[in-house]
Amino acid sequence: MNTRLENRKVVETLLGPAIEDVAISPEVVSTISEGPIDQSWVKALEELDKRSVMIDRASQTPNRSLAISDLKPLLDDLRNKVLSIWCFVNLMLKSLQAIERVRDFFVSQIKALRSPNINAQIIQQQSFIRYKELYGFLARHHPVLGEEIGQAYINTMRWYYLSNFTRYKNVLEKISLFVIDKNDAIGADQTAHRGKIHTRDGPPDWDTNLRKIAPAHRPSQISHDALAIGRRAEVLKQSHQAALPAHIAEDSKQTHYVETPFLHFNLALVDNATAEYSFLANFFSPAIGLQTVSRHFSAIFFPTFSLGHAFTKSLVEASDDCLGILLCVRLNQQFAFELQRRKIPVADGYINGTNMLLWPRFQLAMDIHAESIKRATSAISTRGAASALGLSSNGADAASKQSTAPHTLTQRFGQFLQGILMLSRDAGDDEPVGNSLGRLRGEFEAFLTKVGKG
């Protein structure tokens, strides 16, 4: 027994250092294979590297032990696993560096969009579209950061469009406009109204609810016929042209009708909405779907569309210009067709909202014309037909009896009807124009009947 014990001690003394040199503790193996990558993992990696070097040296000696031969395949497998982990960690570090640089790039471009007098479309094409693969990389490897960059862009462009269109609206509001009100109705007494110039900054005795625009640009005496279509229909041929630049609109000294500022504001709005939707669909796809692109567009343009509706309302809410309002309706229909042609479905809500502002006002203005004829008819029994039509005294009654020309109201009705029909040649049967014209015609026929009897 004593002899065996002594022999074991001798063997332990001789083999102990050799075993210590090649042995890898279970804690080291467990840490490297399954532990988190921290300082302990680094120390375990250093221990493994130290043992690997010693085993490599021992395996190259002629008198290598059997233990080393048995241990080396296991060590190689563990070392391969460590190498895979290290490659993954290194790749992650490189990816994080790339993500950080991509984030900084897009943040700098988004900041550039807030620079004064910047053209957003130039930055969109030269910086965003040109490097859109970078956003795809960001969205794949760090979706949360990709969403944050997208939201930052949405917030910036919402501010960009709203501020620029607000400035443009303010410029268009300075344009002098003819004011056409109830005094211009078909059956209105023209003797009291004759000689007044209608502008949106009209005389103080007119309706005080009218918003006065550009009092510094009060035009000189400009004659116009509120009931004649004249060349006003030519505005329908301008719906495919570029919007009026702000500096030209600001310097304009001419007086226009209500359809002119409506045309140019919406021309600019349609063109910018088209450009923005096309950019969103190009840049963010396929990282996000088209439904998400539509939501992004709505988030960007909702305040601007609300501004457009408010501007349209301010133009027509106090106006009784049936021809101008109907021209705005036709322009809005042309914009709808153009957006369909461009395949921009996200602006349908704006188009429909504009229609809901224009059609009720058109019907109210048509009712004013019908009521004016009704009042003229009622006045015939007390003042006579000539005075009801606004003809002056001092021989005017006798002159009107000898003249072969149609009554003044008939001439005004004919002018007005011709304009409405010209603007309704391609109208659908479901439009309110037909009902309004029916009532107007009924009142006019009643007027003619009463004049013929008198």
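What follows is a chat between two colleagues about a predicted model.

Colleague: Let's start with N117. Why is N117 called exposed?

Modeller: The relative accessibility of N117 is 84%, and exposed means over 50%, so N117 counts as exposed. You will find N117 in the loop between helix 4 (66–112) and helix 5. Its phi is near 55°, a positive value in a residue other than glycine.

Colleague: And what makes K343 exposed?

Modeller: With the cut-off again at over 50%, K343 has a relative accessible area of 67%, so K343 is exposed. K343 sits in the loop between helix 11 (322–341) and helix 12 (348–383), and its phi, near 60°, is also positive in a residue other than glycine.

Colleague: Now helix 5. How do you know that N119 caps the N-terminal end of helix 5?

Modeller: A side-chain oxygen of N119 lies 3.1 Å from the backbone nitrogen of Q121. A polar contact needs N or O atoms within 3.5 Å, and this pair at 3.1 Å gives the cap on helix 5.

Colleague: Which residues of helix 5 are buried, and what puts them on the same side?

Modeller: In helix 5 (residues 120–129) the buried ones are A120, I123, Q124, S127, F128 and I129. They cover an arc of only 155° around the axis, which means they lie on the same side of helix 5. As background, an α-helix has 3.6 residues a turn, so residues three or four places apart point the same way.

Colleague: Why does E276 have no salt bridge?

Modeller: A salt bridge needs a side-chain nitrogen of Lys or Arg within 4 Å of a carboxyl oxygen, so distance decides. For E276, the nearest side chain of opposite charge is R158, 11 Å away, and E276 is buried without a salt bridge. E276 belongs to helix 9 (residues 259–284). Beyond four places in sequence, E276 touches Q124, Y153, M157, Y161, F297, I300 and F301.

Colleague: Which residues touch the most other members of the largest nonpolar core?

Modeller: That core has 92 residues, and F128, Y153, F265, F362, F416, I420 and L440 touch the most other members. Helix 9 gives the most to this core, with 13 residues. Leaving aside neighbours within four places, L440 is in contact with residues including I186, M366, H369 and F416.

Colleague: One last thing: what makes the peptide bond from S285 to P286 cis?

Modeller: Its omega is near 0°, and the bond is cis. P286 lies in the loop between helix 9 and helix 10 (290–316).

Technical notes:
Residues numbered from 1 in each chain as written. Predicted model: local features only at pLDDT ≥ 70, side-chain atom pairs only at ≥ 80, totals over all residues. Heavy atoms only, no water. Helix = DSSP H or I, 4+ residues; strand = E, 2+ residues; numbered from the N terminus. Buried < 20%, exposed > 50% of the residue type's maximum accessible area, 1.4 Å probe, protein only. Lys, Arg positive; Asp, Glu negative; His and termini not counted. Contact = heavy atoms within 4.5 Å. Arc of directions from axis to C-beta. Polar contact = N/O pair within 3.5 Å; in protein donor to acceptor, adjacent residues only side chain to side chain. Core = buried A, V, L, I, M, F, W, Y, C linked by side-chain atoms within 4.5 Å.
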